[in-house]
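Q: I would like to learn how to read a few features of a protein model. Where do we start?

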Amino acid sequence: MDKGGFSFSSDELKGSCLEIYQEERAKVIKIFEKLDGRVALSIDLLRLDTYGLPRPKDCDEPEIIDYLCVRAHFIDDNWKPKSWVLYYTILKCISDMRIENKIFTVTRAYDIMYSELIKVVENQAKEKKTLQSKCQPFKIYCCANLLGRMVEAAFEDISDVIWKISQKNYMYWHLTFSTLQEAIKAEADGKFSELFGCDYFDPPTEEEWTKLKYVCRLVDYMYNAAEILFFTKNPTASLYLHNLRELQASLKKESISPDRLTIYWNDMFLVLAIATVLDPRCKMKYIEFSYLKYEGNLGNMQVTSVLEAIRGIYDGYKMHSLEPKTSKPSDSKSSDLEASESDSNSDWEIFSDCEEIPKHTLERLQNCNFGFNCLDEYNEFLKPSNGPPKSELELYFDEPVMPWSKDFDLVSWWRTESPKYPILSKMAHDFLAIPFALVSSNEAYYYRDSRAASKSLAFLGLLWDLFEVFE
């Protein structure tokens, strides 16, 4: 091959590409080795349309390819959030990147196809003893996938009516919902036939309109939650917890309790609650408030379970803290020396003019208990009021809850407060990196389990296939 004065063979090109790939992989491995924290993985199914792309003549691969994209989410040692595409196969990713002892959680869609795969990853993490305690969560389910499945199930009940109105299948459920809302408004204004009329279908019957309005009312609750969660920049766990609580309460008023939401809530509540407690605007106060608001006194046991869980995990971090224990230089000797010199000078000032004092009196004067013969008893009396030293977690809870601010930077707050809470900040360091959704913005409304890959991710997918061949 000779392009622009450069001459090289295809084997040389492959070798150069593989060399660069290996060099970059080595850099990433080194970063993970030095990382003083855990890594939250996510698994996303991406669909690549290769139509129109250069393909070998004898290629019998389908033009639509699904890739299992593995990302690593973590907060680096400078408290900067990172999200890196690592691999297009998860088991090879774990071994090649040497992160078996770094895995904290795995976020994925709520689909049985991932269950066996996640089980293998979880077992690997347990073998490396990376799970801090029995309370620590491992499997995280994508909230966007949850809402999409709930909407899809709701629309299945009125699929015939939807087809009568739109005569098309949208790839994004919020577009279907928007069309149905417009149709309901047109029907109320007496303009449905004018705006949505079709020669092939009769307009919806009165019974169908009633059912459509009911379903849209339910989907509206889901849409409101999705709008807040997926269009907010860097949504926190507290935002997820609150809005899913609101959704659950709204559906309960409609006498609806979707199985998917119930299962998700049972599986995800604890990790959402713990991450929420690590938000200084919430702490345990919001957990208590939330249960009182939505369940009354029935939530006392759940509040206790959250507190026990976070204490258990904190104790795990305290025992297995990744922070190297370096001893700081102490000035105790010099301070003791200064105190000794000070004491000796004071004694000299007291006794210099008292040469006639009897020896036994001088000895008593030098006793620190002189004039206060119940010092030992007094010190014993003070012990209960002092009590044992408080843990970082207790000190954190004792501080007042910060006022709510929509633009509050939670990661920056923990970066600033990390010297004050060295162990608790490590816990926050890991929990704040967990992605509770695989997508944001309009992508969160996608119907299918696999979504179209961006151009950059599609290119990486094709490169991955090449590297697999090269190796």
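A: Start with burial: a residue counts as buried when its relative accessible area is under 20%, and as exposed when that area is over 50%. The model here is a predicted one.

Q: Is C216 buried or exposed?
A: C216 has 6% relative accessibility, so C216 is buried.

Q: What about T176, buried or exposed?
A: T176 is buried, because its relative accessible area is 5%. This residue belongs to helix α6, which spans residues 173-188.

Q: Which residues is T176 in contact with, leaving aside its neighbours within four places in sequence?
A: They are F155, I162, Y170 and Y447.

Q: How many disulfides are there?
A: A disulfide is a covalent bond joining the sulfur atoms of two cysteines. The cut-off used for the pair of sulfur atoms is 2.5 Å. By this rule the count is 0.

Q: What is the volume of the largest pocket?
A: Empty space is found by rolling a probe the size of a water molecule over the atoms. Here the largest pocket has a volume of about 1300 Å³. It is lined by 47 residues, and those closest to its centre are K233, N234, P235, T236 and L432.

Q: Which element gives the most to the lining of the largest pocket?
A: That is β4, with 5 residues. Elements that supply at least two residues include β3 (39-49) and α8 (206-231). By type, the lining has 27 nonpolar, 9 polar and 11 charged residues.

Notes. Residues numbered from 1 in each chain as written. Predicted model: local features only at pLDDT ≥ 70, side-chain atom pairs only at ≥ 80, totals over all residues. Heavy atoms only, no water. 1 Å grid on protein atoms, 1.4 Å probe; cavity = no way out; pocket = protein on both sides within 12 Å on 5 of 7 lines; lining within 4 Å. Points joined across faces, edges and corners; volume = space filled by probe spheres on them. Helix = DSSP H or I, 4+ residues; strand = E, 2+ residues; numbered from the N terminus. Nonpolar A, V, L, I, M, F, W, Y, C, P; charged D, E, K, R; others polar. Buried < 20%, exposed > 50% of the residue type's maximum accessible area, 1.4 Å probe, protein only. Contact = heavy atoms within 4.5 Å.
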